[in-house]
Amino acid sequence: MNQYIFHPFVLPFVLGMAFVLTYCLVGLFRIIGQLPKDDRKKFWRSLVTPKTAWANIRDLFGDCLFHVKIWKRNPILGYMHSAIAFGWFMIIVIGHVMLFTLKPLQDVDVHGFARTFTNFYYPIFYKHFAEETPVFAFLMDFFLIVIITGIFIAVVKKIYSGVVGVKRVTKFGFADNMIRFALWTIFPFRLIAEKTNIMAFWWLYSIDLMIFMCMLPFTRYMHIPTEALFILLRHAGLKPREPRKGYALAQIYSCPSCGLCIDACPMSVNDKNSGNTSAYFMKKLRNANDAEAKRIAETCMQCGKCVAVCPVSIESCDIKMSQREATPYIINSDHSYLENVESSSSVNSTVLYFAGCMTQLTPKIMRSMKKIMEAAGENYEFLDKDGGICCGRPMMLSGKKSEAQAMIEKNTELIKKSGAKKLVLSCPICYKVFKEEYKLEGIEIQHHTQYINELIKNGKLKVSKGDVNYVYHDPCELGRAFGVYDEPREVLENVGNLRKAKSEKELSICCGGSLGSFNLTQQERDEITANSVDDLMYNHPDEIVTACPLCLKTFSKKSPVQVKDIAEIVSEKI
Amino acid sequence: MDFGFCLSPSSHVKMDSIDLTTFNRLKETNPDVNTCIACGSCTATCTAGNFTEMSFRRLLLMLQRGKEDEAKKMIQRCMLCGKCTLVCPRGINIRKILLDITR
């Protein structure tokens with residue numbers, strides 16, 4: 001049997017494979033080497049901790065192999081991606097398994113290194129060298145056809161993305177377009193080569209594979225090998241410290257530029273701003289375009305929707321924050337004046353209410369909360385009756401993490417002094433920073449939606465049900481950040497009828513007022529607000545309800561119906 | 001010597017000889033500073049203004065008059081809470097301007 005003899009057409013593939021493996025190995029050491037020491041320790045430990053190890057295995061299979069998240073997001077895209085990626089994986093696996101079922105090398109005496117070398121490319125080109133066994137032959141052909149159906153969808157998506165339910169796709173440069181073309185042609189070439197056994201097609205197939213592998217490290221397809229590492233790092237609980245090093249670098253390479261975040265981003269309502277979405281941000285970082293990356297990081301509203309829809313779970317918001325933190329400031333803040341601030345509230349109350357800056361601008365929320373707490377007979381006190389200190393979150397959003405500490409420390413001191421057991425907040429912006437940065441041991445932190453829901457459930461607060469139709473808007477920092485979706489809805493069902501918005505819960509659209517963005521102009525913000533209001537008005541509610549003073553203020557300008565805070569609605573129904 | 005009274009130094013600003021670098025730079029990056037009507041809404045709502053003399057309206061005036069040192073001292077008090085931006089009747093992106101002055 002002469003079929004086993006080496007043929008030079010395998011060389012391009014072998015070269016490409018050797019290159020990509022070397023690159024990935026070097027990249028792996030680089031990323032792990034760039035991690036700060038304590039992060040690295042955390043990473044090694046997470047690999048052997050049963051809980052994270054199990055999460056690793058689950059996600060490696062679920063995300064890398066079966067692409068569960070894309071299926072959930074969009075079944076057609078899920079099929080397209082699985083057909084190509086999982087199909088290819090199966091072909092490689094079956095090819096390797098089939099090696100054992102074939103007769104060993106007979107006529108040609110190949111041993112040692114030569115044998116290993118042969119085995120390296122053998123499963124990729126087996127049909128050129130040997131007869132296949134029937135069951136495996138069927139499986140191989142089946143998966144090859146599956147891949148080609150996937151490629152067909154991909155081609156259709158390229159021509160008209162609307163068919164698969166995607167409005168905007170990422171715009172690619174030369175390299176990304178070329179590697180995509182290489183990927184699309186690999187499998188038809190393989191099919192033709194196998195069925196006709198014409199040498200030219202075996203060459204084309206091998207060269208195509210080489211092009212794909214040699215370009216892989218420099219294009220979005222780098223997400224294939226990197227995602228596995230990213231999953232391990234993510235489960236270790238790391239946070240990106242620098243925008244283009246270590247953990248962040250793993251995320252940059254894991255971004256497949258699929259563009260699902262482009263349609264999701266509230267800014268995309270204006271086509272001009274769709275270039276400011278996470279997919280492009282990751283691309284700018286990868287290309288080391290620091291000026292653009294900085295600009296996009298500062299335009300982002302930090303609503304977190306791109307992270308919620310991302311099929312790879314890339315934490316682009318965190319990377320943008322680390323990019324902001326890397327920006328130097330010439331004049332640093334000086335908040336030493338806070339030291340002399342005295343609390344205006346008296347001691348000995350069980351519930352402490354902190355309205356926050358934004359609620360100071362919407363005093364009706366404060367009045368409503370006062371009425372609710374009085375009706376429930378709570379022993380309460382206002383922390384910032386006559387204007388308090390900012391919670392520090394806006395400072396952190398500006399990338400000035402250390403400078404926010406002065407405010408955080410002072411507020412902590414004032415809260416602890418009050419002796420309260422529970423802290424109720426009206427503003428989700430405050431809620432996030434209190435939950436994440438404040439060290440308030442023994443004090444329960446609640447947003448007023450949770451607090452009111454608890455009062456109603458305990459029977460402390462009696463409300464009457466009306467027949468007004470409400471729609472609830474999930475504030476980004478309450479919903480997506482902390483998953484507080486059910487409590488406000490339960491409250492609203494107690495006082496009226498709840499209608500659904502078009503996009504809800506983790507898909508809710510930012511109101512446009514976000515403090516996260518520096519660069520958005522008032523007009524651009526208004527466009528986002530108008531779009532978000534349209535989305536809420538989908539089922540024609542009588543009133544829009546939100547749980548964030550900033551959303552309330554932003555929506556009030558653009559809404560055709562009345563916008564109210566959840567506390568206002570409840571206080572009306574007492 | 002104490003006469004029981006004193007003269008305050010002249011607050012006269014010589015517009016021809018002042019240094020307007022910061023303000024001119026600001027005008028380039030944030031053209032909306034020109035649309036300020038000095039209504040003082042920003043000052044009225046300012047969180048830091050509750051404890052200090054922080055006032056964005058005055059800050060802008062200081063920069064226009066070339067009093068950069070005073071302006072820099074004042075801006076350190078800012079907590080960047082963004083209330084000023086929300087209440088501005090001209091839609092000026094004040095928070096961005098405050099950040100831009102400091103870098």
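Predicted model: local features only at pLDDT ≥ 70, side-chain atom pairs only at ≥ 80, totals over all residues.
How many helices and strands does chain A have?

Figure 1. Chain A has 27 helices and 8 strands.

How many helices and how many strands does chain A have?

Figure 1. Chain A has 27 helices and 8 strands. Its C-alpha trace spans about 95 × 50 × 45 Å along the principal axes. Of the 574 residues in chain A, 45% are buried. Among the contacts in chain A with a separation of 6 or more, 76% are between residues 24 or more positions apart.

**Figure 2. The open sheet of strands β2, β1, β3 and β4 in chain A.** This sheet has 4 strands in the order β2-β1-β3-β4, and the pairing is parallel. At the edges stand β2 (380-382) and β4 (444-447) of chain A, each of which pairs on one side only. From one strand to the next, the twist averages 25°. Strands of a sheet pair through backbone hydrogen bonds, in either a parallel or an antiparallel sense. Within this sheet, β1 (residues 351-354) of chain A is joined to β3 (residues 422-425) of chain A by 4 bridges, and the two strands run parallel. Opposite A:L352 stands A:L423, a residue of β3(A).

**Figure 3. Strand β7 of chain A and its pairing with β5 and β8.** Strand β5 (residues 469-473) of chain A runs parallel to β7 (residues 543-546) of chain A, and 4 bridges join the two. Which residue of β7(A) is the bridge partner of A:H473? The partner is A:T546. Strand β7(A) also pairs with β8 (residues 562-565) of chain A, in the parallel sense and over 4 bridges. Here A:I544 has A:V563 of β8(A) as its bridge partner.

Figure 4. Is A:A250 buried or exposed? Because 28 other C-beta atoms lie within 10 Å, A:A250 is buried. When neighbours within four places in sequence are left aside, A:A250 is in contact with A:I31, A:T226, A:L229, A:F230 and A:L233. A:L552 lies 302 residues from A:A250 in sequence, and the C-alpha atoms of these two residues are 38 Å apart in space.

**Figure 5. The packing of helices α3 and α4 in chain B.** Two packed helices are described by the angle between their axes and by the distance between the axes. For α3 (residues 56-64) and α4 (residues 68-75) of chain B, the angle is about 155° and the axes are 8 Å apart. The helices α3(B) and α4(B) are therefore roughly antiparallel to each other, and their crossing is left-handed. The contact is formed by B:L59, B:M62 and B:L63 of α3(B), together with B:E68, B:E70, B:A71, B:M74 and B:I75 of α4(B). By class, this contact of α3(B) with α4(B) has 6 nonpolar residues, 2 charged residues and no polar ones.

**Figure 6. The contact between chain B and chain A.** Chain B gives 24 residues to this contact, and chain A gives 23. On the side of chain B that touches chain A, at least two residues come from each of α4, α5 (83-87) and α6 (94-101) of chain B. How do the residues on this side of chain B divide by class? They comprise 9 nonpolar, 9 polar and 6 charged residues.

Conventions
Residues numbered from 1 in each chain as written. Chains lettered and ligands numbered in written order. Axes fitted to C-alpha atoms, helices over the stretch in contact; angles between N-to-C directions. Parallel < 35°, antiparallel > 145°, perpendicular 65-115°, else oblique. Left-handed = near helix turned anticlockwise from the far one by under 90°. Contact = placed C-beta atoms within 7 Å. Nonpolar A, V, L, I, M, F, W, Y, C, P; charged D, E, K, R; others polar. Buried ≥ 20, exposed ≤ 12 C-beta atoms within 10 Å, placed from the backbone. Pairing = 2+ DSSP bridges.
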